[in-house]
Amino acid sequence: AKKLGRRTWQCYETNMGARVRRRQFLLGRLRRALLGTEFHLHYQPRIELASGAICGWEALLRWNCPGDGAVSPAEFIPVAEDSGLIVPIGEWALREACRQFVSWRNQGLEPGSLAVNLSPRQLRAPQLVERVAAILEETGMPAAMLELEITETAVMEEFDSSADILTRLSDLGVGIAVDDFGTGYSSLAYLRRLPVDKLKIDRSFVRALEDGPHDVAIVRTIIELACTLGLTVVAEGVETEAQLRLLNGARCHEMQGYLFSRPVSPASCVQLMHAGAGL
Ligand code: C2E
Ligand code: CA
Ligand code: CA
Ligand code: CA
């Protein structure tokens, strides 16, 4: 029995223990990263399908953890979210992205609009609206050129308080985009009651487009209903010409994805802006 107990413990130690230790490790490093210069932003262009031109950029966090290399947002954002560290990290990202965007405009570039992700925790943090307003003021970022992306799930949880916060953000003049649309339980009928400007169709639907007519019909229906509600529709994760053709046929407004460009460094963004259209 003793032996068995030990083996059970070992099993626990190697599987669960390793995961717990990894989280603890990342959490400690995230705290330190916040004080230093380990974070930076990459930007992925968004393309207007009608013109083929870049119409905006999404800021995406990158983290170079010393001794561990680049850690994927898919791994560290949840740790930051659970610990609440996403609030100061996200605020840093918003300020940095606005600063960068204004600097591009001052160089005579026309970057279009800037999208920044807001996590569920940030949405519920005290004084979010005041902080966003302060960052706009401090950086000189035009509110009308900023879009805040909030996941469908974050909006649907605590619908009433989300609606209140989104309304106050919208009153600042910033746009609101619903991210990862289709992965949660919201319906367009609910979204109608929110000051939402844009819908980002989740990558999983885009990937399914080539599977057959049913999947195409689903995306078509989402786009038609969104248009009826006056929303702009963005397709995420577009990787192939075939997907692009189907999205064009479905009258999707904008697209983002590796087909056009991965998220890239600010220097590469400037090159892309100079190169102009090119789908
Ligand atoms: P997201 O907001 O849905 O961002 C899109 C993700 O899809 C990005 O992953 C992007 O690199 C990736 N992507 C874009 N085009 C393609 C494509 O054609 N194919 C494939 N396979 N992937 C594509 P990334 O940068 O790893 O970010 C993952 C998630 O981490 C984001 O998903 C977002 O939820 C979160 N995140 C990133 N930066 C921030 C931030 O500053 N604040 C907050 N709160 N969350 C962030
Ligand atoms: Ca996003
Ligand atoms: Ca609005
Ligand atoms: Ca998304």
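## Contacts of ligand 1

In this predicted model, an oxygen atom of ligand 1 lies 3.2 Å from an N or O atom in the side chain of E58. Another listed distance is 3.1 Å, from an oxygen atom of ligand 1 to an N or O atom in the side chain of D179. A nitrogen atom of ligand 1 is 3.0 Å from an N or O atom in the side chain of Q44.

Taken alone, ligand 1 exposes 810 Å². The protein buries 82% of that (Shrake-Rupley method, 1.4 Å probe).

## The shell around ligand 1

Ligand 1 is surrounded by 22 residues (a heavy atom within 4 Å). Q44, L61, R62, E239 and Y258 are the closest. By class, nine are nonpolar, six polar and seven charged; Asp, Glu, Lys and Arg count as charged.

Strand β2 gives the largest share, four residues. Elements giving two or more residues are β2 (54-65), α2 (73-83), α3 (86-106) and β6 (175-181). Helices (H or I, at least four residues) and strands (E, at least two) are DSSP runs.

## The calcium site

Which residues donate to the calcium ion (ligand 4)? They are D179, D180 and E236, with donors 2.1 to 2.4 Å from the ion (N, O or S atoms within 2.8 Å of a metal, 3.2 Å for Na, K and Ca). D179 also coordinates the calcium ion (ligand 2), 4.1 Å from ligand 4. D179 is in strand β6, while E236 is in the loop between β8 (232-235) and α11 (241-249), 57 residues apart.

## Notes on the model

Residues are numbered from 1 along each chain, while chains are lettered from A and ligands numbered from 1 as written. Local features need pLDDT of at least 70, side-chain atom pairs count only at pLDDT 80 or more, totals for chains, interfaces and linings use all residues, and side-chain values use heavy atoms, without hydrogens and water.

Conventions
A polar contact is a pair of N or O atoms within 3.5 Å; within protein, one must be able to donate a hydrogen and the other to accept it, and residues adjacent in sequence count only if both atoms are side-chain atoms.
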